[in-house]
Amino acid sequence: MTLWIQRLRGEWRIARTIEEHDERTSTVDIPSEVTDLLALEDVSRFGVSNHAESVTITPLLADRSVVSSPDKPFYIPAGETVTVYVGSPLWVRIEAGDPAMVLAEFPIVRPSDTWFGPNTYQGELCYASRTVCRLRLEDVSLRPHRAITAVAIKNNARRALRLERMKLPVVYLPLFHAHGHAEGHVESGAFWTSDLTISYDEGEALVPIEYDSHTPKHAGKATLVAPARNRGEDNVAMRMFSSLFS
Amino acid sequence: MSEFLSRVQEYLADQRVRDVLKAVIIVVSGVVLSRVVARRLHLGALHAQQNMVIRRLGSVLLLIIAVAWALSELGMNLGVVLGTAGVVTVAVGFAAQNSVSNLISGLFLMAERPFSVGDIIRVGDTTGEVLSIDSMSVKLRTFDNLLVRIPNETMLKANVINMTHFPIRRYDMKIGVAYKEDIARVRQVLFEVAHENPLCLEDPRPLLIFQEYGDFALELQFSVWASRDNYLELGNSMREQVKRAFDEHGIEIPYPQRTVHMIAAAAPPPANPRPEPRG
């Protein structure tokens, strides 16, 4: 994605062009040369009365839940706790002035829509993550336009839990930026969300989820970049798995 | 002033005047109360249309009670009044059968709620957005901006298709490809197009059905899902992208054609044969 932000008297102009839709390779460029923004297709104009010239670009998480799948479904035996690492796409928010005024908000790479629910009339519209759930952190590809969530799944049921698809409620999660290296990686500066803990009990379609605003364990030293979009309760019960039992 | 007051006192001393005054106060109070109910009554557990019906019924009931009370204060025999009203009701009912049927059908529609204001519905050949659900009819706005009024009785009897009731919808595309094409390759191209289109839901997954061996093409149905808000945009973009992908991959979409086989036979007779000479 190439992004332009232009300040003129009485207005801000924001334009962007998308050269490719592959989440694995996309980057955000902010070129320095001036272009006639009005000639571009995707340009927005914002009329303002103040003279502020500062602009803030903030990454944040998606505005809907994100659904992710492992490359192959796997089972969590009864009584086991497994941590999976899930990637979700990042959005960008552009604010101007002081106090900050939100001008625009859009995904860095527009993810596909998907449906998550037991049938086609009960459920929720979500985004589909193009990356798979990983069991080992060293297998996770750290990208600047993606955030990683460590999800600990405790299977308290008496039967194995089959994991085929999982919905990540990113709207309840804050976003952090890690300063150091993540375990098993040489790159630094990855984005992380708070850790999630899910406890699955037999016969329950809704699973309780615990999350908090603390720094994620695997990120090391990290700074809060954006608070959660929805400040819900710390423990929420929701439908997270599409396939429950083997 | 004192003369005026004494005159007023004289009038009020008369029982009939007092009764008329009482009746007027009762009717006015009833009208005011019924208007308050018509505007303010709201039961949170009910839908907007159901609240509207309750408000209307409530205000009419209050008016009837106020008028009956006022008539009884004036000394009228309510039994006679009710009997007359009953006869009039039967007569009016016969004359206004359709209207009453529409009214009652409207109550059933409001209770059942197969659609709401803002939904896109199809009734017979008419498709449009529901503008209002009234006591006698439903008003639709068609996509070419026409107003259609459908009596409630018709709505109750007809098959009503609510196209925006569920959050997601399936878009079916009929695609014909030439007989020479490899179906597996066509499937791969189609699924790639669906995968690249962000409006196409990843789940439920797209579906390809090989329907039949057509007269001049292999008939396929490619079904993709979208949210109801993006349904039209997905359909347009998918058709365009499938055509472009087929062109890029050299997949032919044939048009109707007939193969004619010429069979060699005896020479045809001349067009204008000479007549046989006589004699």
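Is Glu124(A) buried, partly exposed or exposed? Glu124(A) counts as partly exposed, because its relative accessibility is 29%. The points below place this residue and others in a model that is predicted.

1. **Salt bridge of Glu124(A).** The side chain of Glu124(A) meets that of Lys167(A) in a salt bridge, with an N to O distance of 2.6 Å. The pair links distant parts of the chain: Glu124(A) belongs to strand E10 of chain A and Lys167(A) to strand E13 (residues 166-168) of chain A, 43 residues apart. Lys167(A), with a relative accessible area of 5%, is buried, whereas Glu124(A) is partly exposed at 29%.

2. **Salt bridge of Asp113(A).** Asp113(A) and Arg64(A) form a salt bridge whose closest N and O atoms are 3.0 Å apart. Asp113(A) is part of strand E9 (residues 112-116) of chain A, while Arg64(A) sits in the loop between strand E4 (55-61) and strand E5 (66-70) of chain A, so the bridge ties together parts that are 49 residues apart in sequence. Asp113(A) counts as buried because its relative accessibility is 0%. Arg64(A), at 21% relative accessibility, counts as partly exposed; the cut-off for a buried residue is under 20%.

3. **Salt bridges in chain B and overall.** Over all chains, a search of the whole structure finds 21 salt bridges. In chain B, Arg141(B) is paired with Glu129(B), the closest N and O atoms being 3.4 Å apart. Arg141(B) lies in strand E3 (residues 137-142) of chain B and Glu129(B) in strand E2 (residues 126-133) of chain B, so the parts tied together are twelve residues apart in sequence. Both partners count as partly exposed: Arg141(B) has a relative accessibility of 27%, and Glu129(B) has one of 23%. Elsewhere, a network of salt bridges links Lys180(B), Glu181(B), Arg185(B) and Glu252(B).

4. **Chain A as a whole.** Chain A has 19 strands and zero helices. Of its 246 residues, 46% are buried. Among contacts in chain A with a separation of 6 or more, 75% are between residues 24 or more positions apart. The accessible surface of chain A comes to about 12,100 Å², and carbon and sulfur atoms account for 47% of that area.

5. In soluble globular proteins, nonpolar side chains tend to be buried together. In this model, the largest nonpolar core has 44 residues, and those with the most contacts inside it are Val84(A), Phe106(A), Val151(A), Ile153(A) and Met166(A). Strand E7 (residues 81-96) of chain A gives the largest share of this core, eight residues. Apart from it lies another core, of 25 residues, which includes Val189(B), Leu190(B), Leu234(B) and Met238(B).

6. **Surroundings of Val84(A) and Cys133(A).** The place of Cys133(A) is in strand E10 (residues 124-133) of chain A, and Cys133(A) counts as buried because its relative accessibility is 6%. Beyond its neighbours within four places in sequence, Cys133(A) is in contact with Ser68(A), Ser69(A), Pro70(A), Val84(A), Tyr85(A), Val86(A) and Met166(A). Gly117(A) is 16 residues from Cys133(A) along the chain, and the C-alpha atoms of the two are separated by 19 Å.

7. **Helix H8 of chain B.** Helix H8 (residues 231-249) of chain B has 19 residues. From its first C-alpha to its last, H8(B) reaches 26 Å, close to the 27 Å expected at 1.5 Å a residue. The buried residues of H8(B) include Tyr231(B), Leu234(B), Gly235(B), Met238(B), Val242(B) and Phe246(B). Strand E6 (168-177), helix H7 (183-196) and strand E8 (218-227) of chain B are among the elements that cover these buried residues. Leu234(B) and Met238(B) also belong to the core of 25 residues. Just after H8(B), Gly250(B) takes a positive phi of about 70°.

8. **Nonpolar surface in chain B.** A nonpolar surface patch of about 580 Å² is made by Val20(B), Val24(B), Val28(B), Val32(B), Val36(B), Leu74(B) and Met76(B). Of these, Val36(B) is found in helix H2 (residues 15-40) of chain B. Val36(B) counts as partly exposed because its relative accessibility is 43%.

How values were computed
Residues are numbered from 1 along each chain as its sequence is written. Chains are lettered from A and ligands numbered from 1 in the order in which they are written. This is a predicted model: local features need pLDDT of at least 70, side-chain atom pairs count only at pLDDT 80 or more; totals for chains, interfaces and linings use all residues. Side-chain values use heavy atoms; hydrogens and water are left out. Patches are made of residues with over 30% relative accessible area and no salt bridge: like charges are joined within 9 Å, nonpolar side chains (Val, Leu, Ile, Met, Phe, Trp, Tyr) within 5 Å. Accessible areas come from the Shrake-Rupley method with a 1.4 Å probe; for residues, only the protein chains shown count as cover. A salt bridge is a side-chain nitrogen of Lys or Arg within 4 Å of a carboxyl oxygen of Asp or Glu. Helices (H or I, at least four residues) and strands (E, at least two) are DSSP runs, numbered from the N terminus. Buried means under 20% relative accessible area, exposed over 50%, partly exposed in between (1.4 Å probe, protein chains only). The expected span of a helix is 1.5 Å times one less than its number of residues. Contact means heavy atoms within 4.5 Å. A nonpolar core is a set of buried Ala, Val, Leu, Ile, Met, Phe, Trp, Tyr and Cys residues joined through side-chain atoms within 4.5 Å.
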